[in-house]
Amino acid sequence: MPESEERQQPQNEMNPRETVPAPQGPSQEMAAANAQPTEALPEEALPAYEPVNIEDLDRAVLANSRRHTRRSFAIAAAAAAAGYGLYRWIEDGPREQMQPDPFRDAFRFNAKLSKVIFDERALAPTYPLSRAENLRVNGVYGLHMTLDPDSYRLQVVGVRNSQIHPRYASDVTAWEYKYMDAKTAESRGHDTKTPPPSARTAEKMAPESMMEEEKLREMRSGRMPRGREEAGQSHSTLPQPTSGLLLTMSDILRLPRHELVTQFKCIEGWSQIVHWAGVRMADFLEEYPPEPGDGKEPRFVYMETPDGDYYTAYDMQVCRHPQTLLVTEMMGAPLTQYHGAPLRLHMPTKYGYKQIKRIGLISYNTERPDDYWTKLGYDWYAGL
């Protein structure tokens, strides 16, 4: 090819060394437009700002705070006055068994609510025997003296057709329990609540009105002093004479034997799993049924120790609960004196203060009987 022709390039051909601007898309066109200098807005289009005085702002905030503070103090003072007035109304108002009426009414409401929600027929949990342990001694009311086992009789009052029973007695209150001065190696535990009773100790513990009433009762009755513990004598204790049955332990042990591993719960906040054995209260009620009154079965069951120092009361329904036991053995051995020998109660659906030791009397009642700890301000129902 001639040199002149080689130097000439066609106009429609592109030199690869030349750069060609790339076509601009919409975003690039927008960016280019944004890059254009903008025209400044006129001053009259800008918002107007007033100069701020910090001192004026502080004064306004402080005034508002003072208004809220005065209101808060006024409301707090009114609430405190109303609360104190309510407290004085409750504290100075009438009382029932050492509790102001509103508190006792609250106890009753809680009992009704518990019966509806938890159902007294529901069973308490049971546990494997390997988890059971010896129950600590906690309270020795009615157990201060060592009972002679041969003198033990269980007084049962209100039994149907009791007159034809071979154990019938025209006056069960005439039975005399015998006590021994025998020393015992049993541990009384570390929380027995009260020292051994004496006249001076009892007078220090019990309200003076209770003690005076008790002394008058003793003078009139001529019987062994009763109700020497803090709550005084029970108003449901048997008058002289009262007919009923005097059962021996053999009479009780003829009933079917049952074992149970359940939890004992104390209202003080501790609990233990224990192995119990004895006869079901339901079987006892079948063997010694209550006498109907006005065509109806008595609603309550009353129990007390042989000396009447400790006493408890229950709904008939919970006594028929299949886990309510009249206990004769604990942890595979006979009951000890401080654990309520020869017969105590276990109710896994109730707190421990309802589980009376050394039962000397079982009585069927149409009216709600007296209860030791209820007289001292505790809940009568004591349900878990």
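Reader: Why is Glu297 called partly exposed?

Author: This is a predicted model, and in it Glu297 has a relative accessible area of 39%. Buried means under 20% and exposed means over 50%. Glu297 at 39% falls in between, so partly exposed is the label.

Reader: What makes the pair of Glu297 and Arg320 a salt bridge?

Author: The N to O distance between their side chains is 2.4 Å, and the cut-off is 4 Å. The pair also links distant parts of the chain: Glu297 is in the loop between α8 and β10 (300–304), while Arg320 is in the loop between α9 and β12, 23 residues apart.

Reader: Which other residue forms a salt bridge with Arg320, and what makes that pair count?

Author: That's Glu286, with the closest N and O atoms 3.8 Å apart. Since the limit is 4 Å, 3.8 Å is within it, so the pair counts. Glu286 sits in helix α8, 34 residues from Arg320.

Reader: What about Glu287: which residue does it form a salt bridge with?

Author: Arg254, again with the closest N and O atoms 3.8 Å apart. Glu287 belongs to helix α8 (residues 281–287), and Arg254 to the loop between α7 (249–253) and β8, 33 residues apart. Glu287 is partly exposed because its relative accessibility is 37%, whereas Arg254 is exposed because its value is 54%. The whole structure has nine salt bridges.

Reader: Why is strand β9 described as largely enclosed?

Author: Eight of its 10 residues (271–280) are buried, so the rest of the structure largely encloses β9.

Reader: Which strands does β9 pair with, and how do you know?

Author: Strand β8 (residues 257–265) is joined to β9 by nine bridges, antiparallel, and Thr262 stands opposite Val274 in β9. With strand β12 (residues 325–330), β9 has five bridges, antiparallel too; there Ala277 is opposite Glu329. β8 and β9 make a hairpin with five residues between them, and Gly269 in the turn has a positive phi of about 110 degrees.

Reader: Which residues touch the most other members of the largest nonpolar core?

Author: Leu154, Phe284, Ile362 and Tyr364, in a core of 46 residues. Leu154's contacts include Leu245, Phe284, Leu343 and Ile362. Apart from that core lies another, of 12 residues, among them Phe264 and Leu335.

Reader: How do you know whether Ile117 is buried or exposed?

Author: Ile117 has 54% relative accessibility, so it counts as exposed. It is found in helix α4 (residues 101–118). With Phe109, Leu113 and Val116, Ile117 forms a nonpolar surface patch of about 420 Å² of accessible area together.

Technical notes: Residues are numbered from 1 along each chain as its sequence is written. This is a predicted model: local features need pLDDT of at least 70, side-chain atom pairs count only at pLDDT 80 or more; totals for chains, interfaces and linings use all residues. Side-chain values use heavy atoms; hydrogens and water are left out. A nonpolar core is a set of buried Ala, Val, Leu, Ile, Met, Phe, Trp, Tyr and Cys residues joined through side-chain atoms within 4.5 Å. Buried means under 20% relative accessible area, exposed over 50%, partly exposed in between (1.4 Å probe, protein chains only). Contact means heavy atoms within 4.5 Å. Patches are made of residues with over 30% relative accessible area and no salt bridge: like charges are joined within 9 Å, nonpolar side chains (Val, Leu, Ile, Met, Phe, Trp, Tyr) within 5 Å. Accessible areas come from the Shrake-Rupley method with a 1.4 Å probe; for residues, only the protein chains shown count as cover. Helices (H or I, at least four residues) and strands (E, at least two) are DSSP runs, numbered from the N terminus. Two strands pair if DSSP finds at least two bridges between them. Lists of a residue's contacts leave out its neighbours within four places in sequence.
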